[in-house]
Amino acid sequence: MGKKYVDAETAAAIDVALMRFTEHGWLLEQLMELAGLAVADVLDAEMLFIKGKEDAEEEERPRRRILFLCGPGNNGGDGLVAAKHLSLRGFDVDIWHPKLNIALGGALSGGCWKNEKLFTGLYYSCKAAGCRFLRDGQLDLLVDGDGEPDFEKPKLLEYRVVVDALFGFSFKGEPREPYKQVLIAVSRIRMVKTKDRTTVLSVDIPSGDDVNEGPTQYSIHPDALVSLTAPKKCVLQRARLFLKAHDAASSDLSHLAEIISSCRHYLGGRFISAKLVEQFKERADLKHWKDTFDQVKMRSPQYVDLGRVGDIVADDLDDGGNKE
Ligand SMILES: NC(=O)C1=CN([C@@H]2O[C@H](COP(=O)(O)OP(=O)(O)OC[C@H]3O[C@@H](n4cnc5c(N)ncnc54)[C@H](OP(=O)(O)O)[C@@H]3O)[C@@H](O)[C@H]2O)[C@@H](O)CC1
């Protein structure tokens, strides 16, 4: 019974197993390309659904501006891949990737960054695809008019979608700068009440979440989440928090409950083989997610729609989806 939602340690172990040459034989580049492609496909196909199809269809494709916020690890790499594919499909894509900015400025030359070659390659393919890289300090983080706006800089709320590819399953502790201020700004987007508010989509983990324990004070509360390989425990913790907030009398908490539960949840990254299921059967119920993918009848599906995070309440919390 249970263990559908994997913890941080298991997610990292699955990653290692997938990339062990004589075990599953995947290369990081291959995993990242398929993960990022799934994110691009969700945005391309489902963004219409997230925002309300009629409104979105009125917009010209080139006017759909997307901002990718990319962190220093592989989660940020998934973001770069998705950015590249969406730019190739005609979206207007900006990327904020502070670690690449430093690396390309020469500060990390000499192989200090383990995957520098992969990321430098992604930088050039994103540029070739038409993405624009924002320099440090080039993004205006003001969300609700608290301060003097800088009219020279693109503002978070000018984007149709902000993609959170900041941190994945290796995030730990309190966020460090320059990411902390960005997390705080993005977490406030959900408080904006206008009809055409910027949509926020998170890759694998809503950044700021403790991967095992769930939301923290720095968490982004996305409109949509694309989990990769298998959803992590933080998603289940979000559903639990939703239940608690839902039952509370305070209107602030019920607003939080609505925000958490309405998050659309997708699953991408079809890397689970029968061998992987068997290997991890003591630690995770990967069979459930393999079957979820296998049930999809589309040709070459990159992702599966798992419904709203709040729906986990019915499906998994009651039957002890992750009983220890
Ligand atoms: N198998 C799969 O499904 C696939 C998984 N993939 C993707 O990989 C992701 C996992 O990648 P990952 O292991 O590189 O970790 P991720 O979280 O992106 O970044 C770690 C970086 O963050 C930093 N950092 C940590 N805490 C911090 C803090 N508080 N404040 C600031 N910085 C902090 C940390 O720095 P350090 O602490 O080590 O100095 C390190 O540089 C996974 O979620 C998925 O998206 C796909 O690419 C392929 C298929």
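How many nonpolar, polar and charged residues does the shell around the ligand have? By class, ten are nonpolar, six polar and six charged; here Ala, Val, Leu, Ile, Met, Phe, Trp, Tyr, Cys and Pro count as nonpolar, Asp, Glu, Lys and Arg as charged, and the others, Gly among them, as polar. The model is predicted, with local features needing pLDDT of at least 70 and side-chain atom pairs pLDDT 80 or more, while totals for chains, interfaces and linings use all residues. Residues are numbered from 1 along each chain as its sequence is written, and side-chain values use heavy atoms, with hydrogens and water left out.

Around the ligand there are 22 residues (a heavy atom within 4 Å), of which Asp 15, Asp 78, Ser 170, Asp 204 and Thr 229 come nearest. Among the helices (DSSP runs of H or I, at least four residues), H1 (8-19), H2 (28-51) and H4 (74-88) each supply at least two shell residues, and H4 gives the most, with three.

The protein covers 81% of the 950 Å² of accessible area that the ligand has on its own (Shrake-Rupley method, 1.4 Å probe).

Turning to charge pairs, the structure holds 19 salt bridges (a side-chain nitrogen of Lys or Arg within 4 Å of a carboxyl oxygen of Asp or Glu). One of them joins Lys 84 to Glu 33, with the closest N and O atoms 3.1 Å apart. Because Lys 84 lies in helix H4 and Glu 33 in helix H2, this pair ties together parts 51 residues apart in sequence.
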